[in-house]
Each structure stands twice: as C-alpha cells, then as structure tokens.
Amino acid sequence: MSLSTLAAPATTLLLSGGLPVTLLHRPGPAILSARLVIRGGSGLDPHGLRGAHQLLAGLMTRGCGELDAEALADLVEGAGAGLRCEAAEDNLVLALKCAAEDSAALLPLLLEMVRRPRMEPDQLDLERQLNLQSLQRQREDPFQVAHDQLRRQLYGAGPYGHDPLGVEEELGRIGEGDLRALVGDLGRQGAALVLCGQLPEDPLDLLEPALAPEGWRTGSPSLHPFPATAGPSAPGTLAAIEQDTEQLVLLLGCATLPLGHPDTTALRLLQAHLGVGMSSRLFVTMREERGLAYDVGVHLPARCGAAPFVMHLSTSADRAEEACRCLLDEWQRLQQHPLSAEERSLALAKHRGQDAMARQTCSQIAERQALLLSHGLPADHFERCLERADGLEPADLQTVALRWLGQPSLSLVGPAEAIAAAGEAWREHPLSRQS
C-alpha cells in the first residue's frame with residue numbers, strides 16, 4: 001500500500017518569518033504528530049564547546065516562555081502527550097505526539113521552546129549532569145567506545161568527529177551565555193515543521209502568536225542540500241583501545257556519501273545484502289556457518305555530509321584473528337565479486353520492505369518528511385530511490401563499492417591479546433595494504 005492511499009497530498013504554508021509548515025492529513029485515530037527540524041545540530045557545536053547543542057536541546061524541554069520545568073511537564077504529561085528534543089549530527093529535532101484535541105494547547109510549545117527557552121541555572125546544572133552521566137555510561141560500553149574511536153578515525157576534528165553528547169571536559173564549561181548565543185543562530189541555515197495526522201483547523205492562526213512579537217527568521221524556506229562530496233581520501237587506519245573484557249568489538253568502515261547522492265541507493269542495497277535480517281550475508285557467513293560473531297551488522301545513517309558505512313561485530317577473544325580476517329574478506333568481496341542475481345533480488349526486497357515499514361504511523365511519516373526537508377530533498381525522494389534501485393544490476397553495485405568503499409579504517413576494543421591478533425590479521429590482509 002502506497003503512502004498516497006493513506007494520506008492526502010501534502011500542502012505547505014509559510015509562517016511570517018519564513019518557516020515552512022508541511023501539512024499531511026491522515027485519517028485514522030484522532031492524533032497529531034509534529035516534527036520541527038532545525039538545520040545544524042552537533043555538527044555546528046562551537047570550537048571547544050562540543051555538546052552544546054545537545055545540552056540546549058535538553059534544556060528546551062525544561063521550561064519555555066511563561067512555563068517553568070514543572071509547569072511544562074504538567075501540561076504535556078497531563079494531556080498524555082509525548083514531547084522530546086534532541087540534537088543529531090546535522091539537525092536539532094523537536095518531536096510532539098498528542099491527541100488532536102490537545103494540539104491547540106501543545107503545538108505552539110515547539111516554537112516557544114526554540115524561541116524562548118528558560119535555561120534556569122538549576123535546570124542547566126541538572127541537564128549537564130545527566131549528559132555527563134550518559135557519557136560515563138558510554139565509556140563502559142565497548143561497542144560505543146569502538147564507535148567513538150572510529151568517528152575520530154574517519155572525521156578527526158570535523159563536524160562528525162564527536163558524539164552529539166559532546167566531550168566531558170568541554171561540556172563542563174558550557175555556560176548559559178554560550179547557549180543563548182546558539183538560540184540566536186537557530187534557523188539561520190533553515191528549518192521546517194511537519195504536521196501529520198488529524199490537523200488543527202487553522203495551523204497558521206495557532207502558530208503565529210508563538211513567534212510574536214519578534215518573529216523568527218529561518219533563512220530560505222527551500223533548504224538546499226549540503227554539497228554531495230565524498231568522505232576524506234586519507235588511507236584507512238587501525239586504532240585500538242584495551243579493555244579487560246572477554247570479547248573483542250570490531251568496527252570496519254569509511255566515510256561515504258550524503259543522503260541525496262545518487263550512489264547512496266546502491267550503498268543501501270549493499271547494506272541490506274550484508275546486514276539486514278537472518279538471511280543477510282554477514283549473519284549467515286560469520287554467525288551461522290562459522291560461529292564467529294555474537295552480534296554482527298551494518299550501519300549506514302542518513303547524513304547531510306559524508307555518512308559512515310560501517311560493518312560491526314563482536315567476537316570471543318580467542319577467535320579475534322579469524323573474525324577480523326573474515327570481516328576484511330567480506331568487505332573486499334564487495335569490490336571483487338558482483339552479487340548474484342538471487343542476492344541482488346533479496347537485497348532489493350529487503351530495501352523495499354524497510355521503506356514500507358518506515359512509513360506506517362503518523363510519527364514515522366512526519367519524521368520521514370522532516371528528514372527529507374532538512375536535507376533539502378524533494379518529498380518523493382525515497383520513491384525515486386526505489387525506482388532507481390529497480391534498475392541497479394549487480395555490476396552497478398560492484399562499481400559503487402569500488403568507488404566509495406576502497407579505504408576502510410578498523411576500530412578495535414577488547415583485551416590486549418585479542419587486539420594483537422586482530423591487528424596482525426589487519427596488517428597481513430590485502431585490504432590493509434591497499435589502503
């Protein structure tokens with residue numbers, strides 16, 4: 001069933017400051033889902049203040065306008081609604097889900113939170129402590145440690161080189177003045193609001209008062225995509241962190257392409273082939289046939305810039321060398337051998353299934369539309385990608401793998417002897433010498 005059978009065509013209105021509001025009426029339960037996406041996110045954290053946008057996002061839910069933290073929580077929770085705000089690498093995202101009858105009271109909060117966050121000192125200190133605790137928990141997770149290490153390998157000090165939560169020593173010195181400066185810059189690179197479900201009768205009349213009296217200039221209503229350039233061309237690297245564990249975590253990846261690049265469709269088919277479901281290539285080869293992996297998969301997030309394409313697995317320390325060699329072989333196989341016709345058909349079916357599952361609810365549809373708008377892409381971008389995927393043959397997928405997956409980096413976290421064994425497998429493998 002297509003999206004067009006579930007919802008009327010989208011319409012777009014403009015608030016007085018330039019913010020586009022996309023309306024998607026969807027029959028069904030009397031609920032409304034809203035996404036306000038502001039271009040920027042942790043990739044625009046100021047130098048020396050990594051974590052500032054996520055700290056600001058948390059504070060937005062701790063009071064705005066005339067409502068302090070307790071009053072805001074009472075208003076939202078009293079209506080049985082959900083409200084959250086978080087920073088991603090490219091965007092600041094505010095999400096609301098509520099009963100349609102409560103939208104008049106709750107929907108303007110999204111704009112109030114952005115324009116008039118209270119940022120009271122006690123709430124700032126509390127949010128900072130929560131983020132510091134989250135960073136502490138991440139240090140205890142070998143997979144997260146390996147992921148953060150790979151970020152640094154691929155992106156260095158660039159916008160994607162740190163977790164949106166930030167860095168402990170920098171998070172500790174972010175003050176209210178720093179956050180107020182960020183508030184003044186919000187929307188300058190563009191923003192978009194998407195409403196999906198049972199819509200309010202007059203969204204503009206409902207939202208405009210939340211911007212008075214000073215308004216909100218959000219830049220051009222037509223968001224332009226970031227330049228569709230590839231990732232860094234530096235040779236792949238090996239990095240390792242010792243931890244006293246029974247397992248070794250391996251992440252093998254490289255920086256690739258923005259969401260809007262034409263070759264991203266082929267990368268997503270390769271992701272489906274390698275890592276989606278129990279029939280995926282990595283699951284069958286490394287877990288079922290050889291028993292090498294406790295957990296295995298492929299990560300390819302949507303980014304405005306060069307997104308990471310990452311194979312990941314965890315294995316027992318005593319099989320580190322074999323697991324690392326096998327992972328490198330699977331990466332190299334993408335470049336040396338085209339998929340079979342059956343593998344290509346299965347990958348395409350999985351890709352289509354994932355697309356269908358990502359647009360079943362109002363929240364999913366709103367999130368999907370906001371994602372496209374924040375990347376400067378047309379509303380039918382994913383439909384175009386599905387059409388493009390139909391025409392991609394195994395040779396096309398191999399060409400894309402050769403073009404963009406040539407120089408991966410390897411991140412290891414685990415006991416010293418396992419790291420040594422995996423490191424030896426890396427140095428001896430042709431893929432490492434190719435890098």
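Reply: Happy to! Strands are DSSP runs of E with at least two residues, helices are runs of H or I with at least four, and both are numbered from the N terminus. Two strands pair if DSSP finds at least two bridges between them. Within this pair, look for Ala240, which stands opposite Leu412 in S13.

A word on what you are viewing: this is a predicted model, where local features need pLDDT of at least 70, side-chain atom pairs count only at pLDDT 80 or more, and totals for chains, interfaces and linings use all residues. Residues are numbered from 1 along each chain as its sequence is written, and side-chain values use heavy atoms, leaving out hydrogens and water.

Now for the whole sheet. Five strands form an open sheet in the order S9-S13-S10-S12-S11, and their pairing is mixed. At the edges stand strand S9 (238-242) and strand S11 (295-299); each has a single partner strand, so one side of each has no neighbour in the sheet. On average, neighbouring strands here are turned by 10 degrees against each other, direction ignored. Such angles run from 0 to 180 degrees between N-to-C directions, with axes fitted to C-alpha atoms, for helices over the stretch in contact.

Helix H11 (residues 281-289) lies across S11 and strand S12 (308-316), and runs at about 155 degrees to S11. Contact here means heavy atoms within 4.5 Å.
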